[in-house]
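Subject: Structure handover

Hello,

Here is the structure I promised to pass on. Please open it alongside this note and follow along.

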Amino acid sequence: MSDMYTRTEWFRNDRFGMFIHWGLYAIPARGEWVMSKEKMTVDEYRKYFEEFNPTEYNPREWAKLAKEAGMKYVVLTAKHHDGFCLFDSKLTEYKSTNTKIGKDLVKEFVEAVREEGLKVGLYFSLIDWSHKDYPKYGDAFHPMKDNLDYKNEEIDFDRYLKFMHGQVEEIVTNYGKLDILWFDFSYDDMMGEKWKATELIKMVREKQPDVIIDNRLETSGEGFGSMVEEEPSIYSGDFASPEQIIPPQGITNVLGKPVPWELCMTMNNNWGYSSTDFEYKPTYLIIRKLVECVSKNGNMILNVGPDANGRIPYESKKKLREIGEWMSKNKDSIYGCSALNVDKPEWGRYTKKDNKIYAHIFECPIGPLALTGIRGKDIKLMRRLADGSEVKRGESWVTAAYEDIPFATLGEIPHFTYKLPDDRDTVIEITMKEGNDI
Ligand code: GLC
């Protein structure tokens, strides 16, 4: 019986993925929560269903962009909280095959991602603001949560769960082998067995035994759920899903063992397309945050929000290509890497893989670089990862007082200060002598 560690072996190797939030909300272009934030009724929101016609949809281009960025897996919102299905569900008419585009967008997506040799995942919302049997008045987030017209509404939540489970069964049955199933999200008493999560997970595992699942059948992403307990529940998930924050010390279970986790992060401040959100994170920062995740035994899934035409925004494409340029030369310091269990060096971060330590230099040192936490006598050789150039030891008269710390120089003269070749992140690959536990 495989557990979260065996199931996530590929995931913990690949480290970097693409999240794609796309649906009807790309038309209002005010983020994926617009229906709730603007308290739209199903009828008011339906105008976007009538209009949806993303003629520029090209999932092969999306997959190529992800691959070019060095991403190894891609997850698409098959259905978000508004209830609109990007797949041809037989359980509703509220689906992409009934819009002007008339396509099963998920089918084309999974095929395109696999053709690019990437792992494929689908996001599925446990919440459905369009379903007649989903709780409305008094719910924490429903668009009609404050609408007295719904105060005494009779709903059949079991009927909703039958529908929701049925749609999950459709996506785990009709679209081939899925690598990731990304549920979103639990809140208040809407968690765990309220979703009939045990029954749901047993069905998913029967259809897709190797699929990895996030922890949001139990959490909203704020907490970690029972996956960090000694006895995780059957639906605790295979990875924790911290959102828009990197866990300060990574994530470990109650026994102190690191658990798989993935930061989900937007490039700007919206998951779904926003026509006014230009607060894009600088590329260097995204690179450094990917390094930080890996240095804490975690993954990063970086989001893009395609527009109403089906295009990934120019700014997102530009950043993906910039990240890819760095990854093309430094990928060995990310893929298959994990934390080096020493204190964080003041100039950047370490990652490690087998007998190699990667020094990620974010801040230029004065003179030589102090490789704090590493045993100098165990260093075999050092190379700049991006170009394979030799990096020499940096001990000299200026380091005499710090004899227990090894140093590296970025140039010829150890006590000289040299500009960083790559001020986003210059990586030194440090090969340790065989037989050293690092
Ligand atoms: C939050 C947002 C949701 C988004 C998810 C991504 O749950 O509410 O819109 O899909 O984060 O992690």
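Predicted model: local features only at pLDDT ≥ 70, side-chain atom pairs only at ≥ 80, totals over all residues.

**The domain**

UniProt, in an unreviewed entry, lists residues 7-331 as "domain: Glycoside hydrolase family 29 N-terminal". Over that range the chain is 31% helix and 12% strand. The end C-alpha atoms are 23 Å apart.

**Helix α10**

Helix α10 covers residues 314-330. It has 17 residues and reaches 24 Å from its first C-alpha to its last. That is close to the 24 Å expected at 1.5 Å a residue.

Several α10 residues are buried: S316, K317, K319, L320, I323, G324, W326, M327 and N330. What covers them? The cover includes helices α5 and α9. It also includes strands β1 (16-20), β7 (298-304), β9 (356-361) and β14 (426-432).

Now look at α5, residues 59-68. Helices α5 and α10 pack at an angle of about 35°. Their axes are 8 Å apart. From α5, the contact uses E61, L65 and E68. From α10, it uses K317, L320, R321 and G324. By type, the contact residues are two nonpolar, one polar and four charged.

**K281**

K281 sits in the loop between β6 (261-266) and α9 (283-295). Is K281 buried or exposed? K281 counts as buried because its relative accessible area is 17%, and the cut-off for buried is under 20%.

The side chain of K281 reaches the backbone oxygen of N268 at 2.8 Å. Leaving aside neighbours within four places in sequence, K281 is in contact with M265, T266, M267, N268, N269, I286 and K319. One of these, K319, is also among the buried residues of α10.

For a sense of scale, K281 and S89 are 192 residues apart in sequence. In space they are 36 Å apart, C-alpha to C-alpha.

**D128**

D128 is in the loop between β3 (119-125) and α7 (157-173). D128 has a relative accessible area of 2%, so it is buried too.

Which backbone atoms does the D128 side chain reach? One is the backbone nitrogen of S130, which lies 2.8 Å from a polar atom of that side chain. Another is the backbone nitrogen of H131, at 3.1 Å.

Not counting residues up to four places away in sequence, D128 touches K79, H81, D82, G83, Y134, Y160 and F163.

Best wishes

How values were computed
Residues numbered from 1 in each chain as written. Heavy atoms only, no water. Axes fitted to C-alpha atoms, helices over the stretch in contact; angles between N-to-C directions. Helix = DSSP H or I, 4+ residues; strand = E, 2+ residues; numbered from the N terminus. Contact = heavy atoms within 4.5 Å. Nonpolar A, V, L, I, M, F, W, Y, C, P; charged D, E, K, R; others polar. Buried < 20%, exposed > 50% of the residue type's maximum accessible area, 1.4 Å probe, protein only. Polar contact = N/O pair within 3.5 Å; in protein donor to acceptor, adjacent residues only side chain to side chain. UniProt positions renumbered as here; feature names shortened; annotations may be inferred. Expected span 1.5 Å × (residues − 1).
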